[in-house]
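Notebook open, model loaded. I'm jotting down what I look up as I go.

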Amino acid sequence: MMARVTLKDIAAATGLSVSSVSLALRGDKRFPKETLDRVRAAADSLGYIYNQGAADLRMSRNNTIAVCLGELSNPIFNDMLISAEREIHRRGRRLLLGITRESRERQADFLRQALQIGCEALLLCPAYGTTRSDLDEILVRNGQPLLPTVLFFRSIEGFAAPQVVSDEFHAGQLSARAAMDAGHRRMYWIGGGQETSASRLREAGAVSAFRRAGLEPVRILHGPTSRAFGFEAATRILSEDGADDIALLCFSDLIALGVISACHKMGRRPGEDVSVIGCDDMNEVQFAVPPLTTIRTDIEHIIERAMQAAVDREEAGLTTFEPKLVLRESLRVAPRT
């Protein structure tokens, strides 16, 4: 194995001191351009690779932001990752990515890794079923955080850190109101379980809006946040309920995509015979057939705000962003009166 090229090797090749080479490689403006070019050319010809870890030790900091997400088979997490990578790059930091696959054990392993590496901050979308004690056990000592941490998208009650989320209760209300405004009175809620703050609050918001209008959902079905669950749940509903006044309200866009597929299979035209509403506004749902009416979660600004809170080491507090209704063809046009 070839020995690693060091600053000493470049110094010997250029006739400069090691400290001057180090400064020149970082583009120090005190050196003339010719010197900077000469040092970089020597580094390239020798095959020098910058040792970021050593630089971090010298500067007593780590320029890495840890981001922990759920299951990447759910496109909403890919949308989050794109926003997080863009924001981290804009701030001149590096990304350490953890994927929990909604496992608390995998999440715990990644949190410990982020601490061991010495990450500058942590952005965490908590895995299913995460509790305050799960996070306190790893991230808190003597009431103080070991690492600047911000929760985003999903909140954990009582955890002493900034938390940046969408107003999920309002999202559920918007979904229910859109269905009622379209003239629907037979409404089903197809949810993703009750293991996250988002799933609980969206469902609660929808049910609250129904009851305010003197209605109850015909049925609430819980299951995995997946296309397969949406397809299975909608197939069951449509095989049992032949009414022409059905609205299928979905916890997430991913579930809604499965619901739309089931509507086509069962011969019920989404947007005409049946209305389908999702939540999140994933990038791909505008290309569904028909395009999906949904509740937009402002992921880009949630990530931006979470990053700011992490880097600035803000005190614990809750920041919420307002969701918005996005009307597309999967919601029928309200009948004229």
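Which residues of helix α2 (residues 18-25) are buried? I find S20, V21, S22 and A24 on that list. Buried here means under 20% relative accessible area, while over 50% is exposed and anything in between is partly exposed (1.4 Å probe, protein chains only). Helices are DSSP runs of H or I with at least four residues, strands are E runs of at least two, and both are numbered from the N terminus.

Ground rules before I go on. This is a predicted model, so I note that local features need pLDDT of at least 70 and side-chain atom pairs pLDDT 80 or more, while totals for chains, interfaces and linings use all residues. Residues are numbered from 1 along each chain as its sequence is written, and side-chain values use heavy atoms, with hydrogens and water left out.

Back to α2. The cover over its buried residues includes α1 (7-14) and α3 (33-46), with contact meaning heavy atoms within 4.5 Å. After α2 comes G27, and I read a positive phi for G27, near 80 degrees.

Next I looked at α7 (residues 132-139). Its buried residues are D134, L135, I138 and L139. They span an arc of only 95 degrees around the axis, so they sit on the same side of α7; the arc is that of the directions from the helix axis to the C-beta atoms. Among the elements covering the buried residues of α7, I noted α6 (104-117), β3 (121-124) and β6 (149-152).

Then a glutamate. E87 is in helix α5 (residues 75-90), and E87 counts as buried because its relative accessibility is 8%. What does E87 touch, leaving out residues up to four places away in sequence? I get I303, E304 and M307. I also checked E87 against C125: they are 38 residues apart in sequence and 16 Å apart in space, C-alpha to C-alpha.

Last, the whole chain. I count twelve helices and 14 strands. Buried residues are 53% of the 337. The C-alpha atoms fill a box of roughly 85 × 45 × 35 Å along the principal axes. Of the contacts between residues at least 6 apart in sequence, 72% join residues at least 24 apart.
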